[in-house]
Amino acid sequence: MADKKRIYLSSPHMSEEGFEIEYIKEAFETNWIAPLGPNVDGFERELAAKIGAKYAAALSSGTAAIHMALKAAGVGEGDIVFCPALTFSATANPIIYQNAIPVFIDSNIKTWNMDLGALETAFEKYGDRVKAVLVVHLYGLSADLDPIIELCKKNNVTLIEDAAESLGTTYKGKYTGTFGDYGVFSFNGNKIITTSGGGMLVSDNEEGIAKVKFWATQARDKARHYQHSELGYNYRMSNVVAGIGRGQLKVLDQRVAKKKYIFEYYKRELGKLDGIQFMPVNEWNEPNYWLSCIILSGQVRPIDIIEALEKENIESRPIWKPMHEQPFYEACDFVGEGISKRIFENGVCLPSDTKMTDEDLERACSVVKGLWE
Ligand SMILES: *Cc1c(COP(=O)(O)O)cnc(C)c1O
């Protein structure tokens, strides 16, 4: 096993052209390492232009961006925030940072994202205690946004899109992250593009983004001495890190194309095996295919696939474990019928690293097919 090349789930992939190092070199040569600087401004401007958002704030992580979006939405102590059950814990944790209360919403099997019926039921139950809805585009598949936007408008609540996994995904021809009042992106190491770690908050609300930049730099009032009228955070992105982001942004379309190639390769090779179903790609959705995911309904279980791949030095992993099933969030309310749990219990994320060659893909596929023999 040791001599077999490791295949990763999704790992950093710098541009072959060396775009990132050019921006970093410039930062070094001008000693513009930190804190803010031209790469930060450039990365904000270029990402906003790419996806069609008006304003952006580069932050230290996607989690920080969600936190700041909730704060900008006025979410505070005792407020209810609706959040999908099926997501990474980083979606939900900032609700707690704001002393607010998450209510977990079930998934729809046709989207793997927030279920409209469950969301409606939750609005009926919690009424005007609800301050915000956090919608997630899981694994790069967009939620069915139009009816969710309508429900949020009707109930007069802020919509925040956690697009951490869906940079480059479009819904009805428009990029995810630009539909809600706020959109969040992550550049963590395993995301479709990475800065080693970082995040971005986007919005068409100029005042909201200005306020976030203020809070994220320790909430320093305009005064010569250190004066603070509000609670601050140290959440901004450094000028070196932003340089990596500017370079990575140039290869985003290339990465999306490769992720799609990987998904289609698996679908072709594994799609006919009994009891395998691929994640749902709806007609309104052009995903970024961040991870290629399947659900199983036959004899072969997720753990069989994960263990067989691991034996060959190939990384894969289960679907996110739903939040209402997490010990930390046990006491929180959940609205739905348990679809999220079903996806978790039967799902696998296949290796989706953009550095994978056809030979690597073939290796992964033959391990999976071996379980059907
Ligand atoms: C990665 C991720 C985050 C958090 O982003 P970080 O940059 O790691 O803080 C939030 N939500 C989802 C759905 C994610 O996958």
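User: The expected span of a helix is 1.5 Å times one less than its number of residues. Going by that, what should the 14 residues of helix H2 span?
Analyst: Keep in mind that this is a predicted model. Helix H2 covers residues 38-51, and its end C-alpha atoms sit 20 Å apart. That agrees with the rule, because 14 residues at 1.5 Å a residue should span 20 Å.

User: Which residues of H2 are buried?
Analyst: Buried here means under 20% relative accessible area. An α-helix has 3.6 residues a turn, so residues three or four places apart point the same way. With that in mind, look along H2: the buried ones are Asn39, Val40, Gly42, Phe43, Glu44, Leu47, Ala48 and Ile51.

User: Is alanine 219 buried or exposed?
Analyst: Alanine 219 has a positive phi of about 50° although it's not a glycine. You'll find it in the loop between helix H7 (206-216) and helix H8 (239-249). Its relative accessibility is 0%, so alanine 219 counts as buried.

User: And where is asparagine 313?
Analyst: Asparagine 313 is another residue other than glycine with a positive phi, near 65°. Its relative accessible area is 11%, and since buried means under 20%, asparagine 313 is buried. As for its place, look in the loop between helix H10 (302-311) and strand E13 (317-318).

User: What is the radius of gyration of the protein chain?
Analyst: The secondary structure of the chain comes to twelve helices and 15 strands. For 373 residues the globule rule gives 21 Å, and the chain's own value is close to that, so the chain is as compact as a globular protein of that length. The C-alpha trace spans about 70 × 55 × 35 Å along its principal axes. The radius of gyration itself is 21 Å.

User: What share of contacts between residues at least 6 apart in sequence join residues at least 24 apart?
Analyst: Start with burial: 57% of the 373 residues are buried. For the contacts you asked about, the share joining residues at least 24 apart is 72%.

User: How far apart are the mean positions of the positive and negative charges?
Analyst: The chain has 41 positive and 51 negative charges. Take the mean position of each set, and the distance between the two is 3 Å.

Methods: Residues are numbered from 1 along each chain as its sequence is written. This is a predicted model: local features need pLDDT of at least 70, side-chain atom pairs count only at pLDDT 80 or more; totals for chains, interfaces and linings use all residues. Side-chain values use heavy atoms; hydrogens and water are left out. Helices (H or I, at least four residues) and strands (E, at least two) are DSSP runs, numbered from the N terminus. Buried means under 20% relative accessible area, exposed over 50%, partly exposed in between (1.4 Å probe, protein chains only). The radius of gyration is taken over C-alpha atoms; the globule rule is 2.2 Å times the number of residues to the power 0.38. Contact means heavy atoms within 4.5 Å. Lys and Arg count as positive and Asp and Glu as negative; His and the chain ends are not counted. The place of a charge is taken as NZ of Lys, CZ of Arg, CG of Asp or CD of Glu.
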